[in-house]
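Trainee: I would like to learn how to read the features of a structure residue by residue. Please show me one and take me through it.

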Amino acid sequence: MSNQSYDVIIIGAGVIGTAIGYELARKGRNTLNIDMMPAAGYGSTSNSCAIIRLYYSTLDGCSMAYEGYHYWKNWRHYLNAPKTEELAKFHDCGTLIMKTKQNGGLEKQLSHIDKLDIPYQHLSNSQIVERYPFYDVSSFGDAKTLNDPGFGKPDGGEISGAIFFPYGGYISDPQFATKNIQSACEREGGEFKFSSTVEQITTKNGAVIGVVLEDGTRIDAPVVINVAGPHSQKINVLAGAELDMNISTRALRQEVAHVKAPKGVDYASLASVISDSDIAVYSRPEIGNNILIGSEDPPCDEHVYVDPDDYDKNFTDQWTLQAQRMCQRIPSLGIPTKIKGCVDLYDVTEDWIPIYDKSCIDGYYMACGSSGNQFKNAPVAAKAMAELIDYCESGADHDVNPMQYRLDTIQRKIDMGTFSRLREINQDSTFSVLG
Ligand SMILES: Cc1cc2nc3c(=O)[nH]c(=O)nc-3n(C[C@H](O)[C@H](O)[C@H](O)COP(=O)(O)OP(=O)(O)OC[C@H]3O[C@@H](n4cnc5c(N)ncnc54)[C@H](O)[C@@H]3O)c2cc1C
């Protein structure tokens, strides 16, 4: 028996699901976000490095990130939050990306960045060392595993400088940022149901009609959106929506190392976010003079795809590998004996570009496959999803005539077909977390 009904059910209350709830509630829809966790942003969002950077391998990717940057920069305005409400902080420290053999000196990315008039600066190796006196700018060639005899040995050359983007940084508490969006959504009348697992998605005559929870509660809605993060593939199977998908999603295990900055270095006030494909890691300052070190997933590393309900949450040698790779650049970095950081999951597509789309079931949509790189885009993706739902529900065929979404701040249109489940694998991708 149905006891409740809504205009829209959003499965998931991570940063993207919550933002979609907010945008739809703002449009006057009666929304319900359902999450099996006890609070918003407790899924993979909680362990996100939450880096806000502007470089992607496609023009649409860069455009979305540039638009998104403005939301984080004007967070209170985006949320329409009262002056007294405490909000997550955007550390606007800029991002530095090394020019390496692996990324072709960034020529492709810069051609997109130039089209968008995004400011940046070329830094020579000596300018890098001026900023970071503890840095070694040797190049190390293709990434290697720890047991490779060549691991950590410079190849005789140097990296080719770097690009510094003053616009960018990180959010130090991604879960709290999601909580901010939840409050904004609730102010617009959106509702949340926590500690509740969606177990069935019900359909009738090829259209979605609602969901059934683990405890048997049936909730009706003519629109259901899968924003289940690393569980997205399981949710699509529940709906029978995977049948026409050319791009799929899988849960990929990730470790992030959390180490103390080198002794005597005030890293937080000095450093920006750094992406370094020569040592195959990205990093950012973390509260308490620490450094977070994530992997850029080089081909030599094992890619461990898992069941999101059953995977190893303990650190492995991957943690040590990432920390040691960072030591190639910062030889004075100590490797602690007591290891800290996190183990979590990306929801990865074949080309590491997300799916923001409808499905083969009327009324059933998906915002998934965020591939470790969509925290920054959550507000923009949510706005685009809300508009896509209006577009499709008013009878337009997005598969045939993809919606063009206008990015209001940077005044550009993006083709939402770029994020279609039916697309061919995008060969322009880096096929890594960089998107
Ligand atoms: C280690 C790590 C580092 C990252 N670093 C960055 C970064 O620096 N920059 C960046 O832009 N992005 C980054 N990302 C990616 C970014 O965090 C994600 O793209 C984003 O958080 C995804 O948000 P989401 O709302 O789609 O998913 P999630 O936060 O995973 O939320 C999905 C929710 O769905 C719920 N759910 C699943 N199944 C069910 C069910 N059956 N019933 C009810 N609820 C269900 C889960 O409980 C979960 O809360 C990183 C991700 C990870 C894991």
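Predicted model: local features only at pLDDT ≥ 70, side-chain atom pairs only at ≥ 80, totals over all residues.

Trainee: I start with the ligand. Which residues come nearest to the ligand?

Mentor: The shell around the ligand has 37 residues, and those that come nearest are Asp35, Ser44, Thr45, Ser370 and Lys376. Two secondary-structure elements that each supply at least two residues of the shell are helix 1 (15–26) and strand 20 (340–348).

Trainee: How many residues of the shell are nonpolar, polar and charged?

Mentor: The shell divides into 18 nonpolar, 16 polar and three charged residues.

Trainee: Next, the nonpolar cores. What is the general idea?

Mentor: In soluble globular proteins, nonpolar side chains tend to be buried together. In this model the largest nonpolar core has 70 residues. Ile20, Trp75, Ile171, Ile225 and Tyr356 have the most contacts inside this core. Helix 10 (residues 378–393) gives the largest share of the core, 10 residues.

Trainee: Which residues does Ile225 touch?

Mentor: Leaving out residues up to four places away in sequence, Ile225 touches Val8, Ile9, Ile10, Ile11, Ile20, Leu24, Tyr365, Met366, Met385 and Ile389. There is also a second, separate core of 29 residues, which includes Ala271, Val281, Ala323 and Leu333.

Trainee: Now single residues. Is Asn180 buried or exposed?

Mentor: Asn180 counts as buried because its relative accessibility is 2%, and the cut-off for buried is under 20%. Asn180 is part of helix 6 (residues 174–187). Its side chain makes a polar contact of 3.1 Å with the side chain of Trp75. Beyond neighbours within four places in sequence, the contacts of Asn180 are Trp75, Leu79, Glu85, Glu86, Leu87 and Ala88. Trp75 itself is one of the residues with the most contacts inside the largest nonpolar core.

Trainee: Where is Ser232 found, and what joins its side chain to that of Thr249?

Mentor: Ser232 is in helix 7 (residues 232–239). Its relative accessible area is 0%, so Ser232 is buried. A polar contact of 2.8 Å links the side chains of Ser232 and Thr249. Not counting residues up to four places away in sequence, Ser232 touches Asn226, Thr249, Asp347, Cys368 and Gly369.

Trainee: Why does Asn80 count as exposed?

Mentor: Asn80 counts as exposed because its relative accessibility is 53%, and exposed means over 50%. Asn80 sits in the loop between helix 3 (75–79) and strand 5 (90–91). Tyr22 and Arg187 are its contacts once neighbours within four places in sequence are left aside. Asn80 and Ala184 are 104 residues apart in sequence, yet their C-alpha atoms are 7.0 Å apart.

Trainee: Why does Asp390 count as partly exposed?

Mentor: Asp390 counts as partly exposed because its relative accessibility is 27%. Asp390 belongs to helix 10. Lys27 and Arg29 are in contact with Asp390, neighbours within four places in sequence being left aside. Lys27 lies 363 residues from Asp390 along the chain, with 9.7 Å between the C-alpha atoms.

Trainee: Last, the backbone angles. What should I look for in phi?

Mentor: Most residues other than glycine have a negative phi. Leu106 is not a glycine, but has a positive phi of about 70°. Leu106 lies in the loop between strand 6 (95–98) and helix 4 (107–115), and it is buried, with a relative accessible area of 1%.

Trainee: What is the phi of Ala280?

Mentor: The phi of Ala280 is positive too, near 60°. Ala280 is in the loop between strand 16 (273–276) and strand 17 (281–286). At 3% relative accessibility, Ala280 counts as buried.

Definitions and conventions
Residues numbered from 1 in each chain as written. Heavy atoms only, no water. Near = heavy atom within 4 Å. Helix = DSSP H or I, 4+ residues; strand = E, 2+ residues; numbered from the N terminus. Nonpolar A, V, L, I, M, F, W, Y, C, P; charged D, E, K, R; others polar. Core = buried A, V, L, I, M, F, W, Y, C linked by side-chain atoms within 4.5 Å. Buried < 20%, exposed > 50% of the residue type's maximum accessible area, 1.4 Å probe, protein only. Contact = heavy atoms within 4.5 Å. Polar contact = N/O pair within 3.5 Å; in protein donor to acceptor, adjacent residues only side chain to side chain.
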